[in-house]
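Look at the model shown here before reading on. The notes after it are grouped by topic.

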Amino acid sequence: MATAVAPTKVAVKEKPSKTFAYSSDDIKRMLPHRWPMLMIDRAYDVVPGVSGRGIKSVSVNEPFFAGHYPDHSIMPGVMIVEAMAQLVAVVYVAEMLESPAPAEGDPSASVGYLGSISSMKFSRLVVPGDQLTLEAKLGQKLGGLRSVSVRASVGTELAAAGSLIVTTERKG
Amino acid sequence: MSTATFEDVRTQAEQRLEKNLKIKSMIIDRLGLDAEAEAVSDNQPLFGRGLEMDSLDTLEIVVMINNEYDVLISDDDFEAFGSINALVDFIEAREV
């Protein structure tokens, strides 16, 4: 006689995901952005389609410092969000590039738009000489939309953190 | 075999109404809508002339439901967004 056995959870040791790193030259092949709007210098620990880290070194020569502000250089919060969003694009373009059968054509053409800055908190001023460490974790998707959690820090100090929605395809 | 008593049915109905109201309040808070939870009908559409949600709002709700109830809504589950009742039915069928 068969006895009902409660399903037991078997601990499966997860295989560590393969990570990728991208130089600024690689990133220029992945993103359509160029000076003065290319806001990410390097990406690393990228798990394609899942998460990644990036670096943005902030120089006094950034064009926005000319007006923000003439006597008090601080990086606009929206530019920090732009850097975060560009790292997100690197993470999802990496998924296309590193897939076993990458689609033909220019991968940067699939970079979409910022859909929503759902929440964002800025905790520290970012000034010339700072190196922003960016982190992005992609969350749920619905159609061409993807929710993401993002953070930016300088050394051990958190500069900004929040959540965004991005489109992972381009329309129009 | 047991039969539900009138009291049981009434309790269930009350719990359901409470859950509907909670989800309405959560949606209104999350999306910053200018509406009162009590004034939103359980069967009015969430899109278009109902709560006037759009696709970005929908993803916000998907994230919210996953955080709150650990229920995943995917691209194929669009019936979940017919109305508040449809959304709560969807959650109740999958909640652990």
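Two residues are in contact if their C-beta atoms, placed from the backbone, lie within 7 Å. Helices (H or I, at least four residues) and strands (E, at least two) are DSSP runs, numbered from the N terminus. This is a predicted model, in which local features need pLDDT of at least 70 and side-chain atom pairs count only at pLDDT 80 or more, while totals for chains, interfaces and linings use all residues. Residues are numbered from 1 along each chain as its sequence is written, and chains are lettered from A and ligands numbered from 1 in the order in which they are written.

**The sheet of chain A**

- Chain A has an open sheet of seven strands in the order β1-β2-β3-β5-β6-β7-β4, with antiparallel pairing; two strands pair if DSSP finds at least two bridges between them.
- At the edges are β1 (20-22) and β4 (114-122) of chain A, each of which pairs on one side only.
- On average, neighbouring strands of this sheet are turned by 20° against each other, direction ignored; axes are lines fitted to C-alpha atoms, for helices over the stretch in contact, and angles run from 0 to 180 degrees between N-to-C directions.
- Helix α2(A) packs on the sheet and touches β1, β2 (42-47), β3, β4, β5, β6 and β7 of chain A. The direction of α2(A) makes about 60° with that of β5(A).

**Strand pairs and hairpins**

- Seven bridges join strand β3 (residues 51-57) of chain A to β5(A) in the antiparallel sense, and Arg53(A) has Glu135(A) in β5(A) as its bridge partner.
- Strands β5 (residues 131-142) and β6 (residues 145-154) of chain A run antiparallel and are joined by nine bridges; Ala136(A) is paired with Val150(A) in β6(A).
- The hairpin of β5(A) and β6(A) has two residues between the strands, and Gly143(A) takes a positive phi near 60° there.
- Ten bridges pair β6(A) with strand β7 (residues 157-167) of chain A, again antiparallel. The bridge partner of Arg146(A) in β7(A) is Val166(A).

- A nonpolar core is a set of buried Ala, Val, Leu, Ile, Met, Phe, Trp, Tyr and Cys residues joined through C-beta atoms within 7 Å. A residue is buried if 20 or more other C-beta atoms lie within 10 Å of its own, exposed if 12 or fewer, and partly exposed in between.
- The largest nonpolar core has 55 residues, of which Ile80(A), Met84(A), Leu87(A), Val88(A) and Val90(A) touch the most other members. Helix α2 (residues 77-97) of chain A gives the most to this core, with 13 residues.
- Val166(A), in strand β7 of chain A, is buried because 24 other C-beta atoms lie within 10 Å.
- Leaving aside neighbours within four places in sequence, the contacts of Val166(A) include Ala85(A), Val88(A) and Leu114(A).

**Chain B against chain A**

- Nine residues of chain B are in contact with ten residues of chain A.
- Helix α2 (residues 55-69) of chain B lies across β4, β5, β6 and β7 of chain A and runs at about 90° to β5(A).
- Among the buried residues of α2(B) are Leu59(B), Ile61(B) and Ile65(B). The buried residues of α2(B) pack against β4, β5, β6 and β7 of chain A together with α1 (6-31) and α3 (84-94) of chain B.
- Just after α2(B), Asp70(B) takes a positive phi of about 55°.
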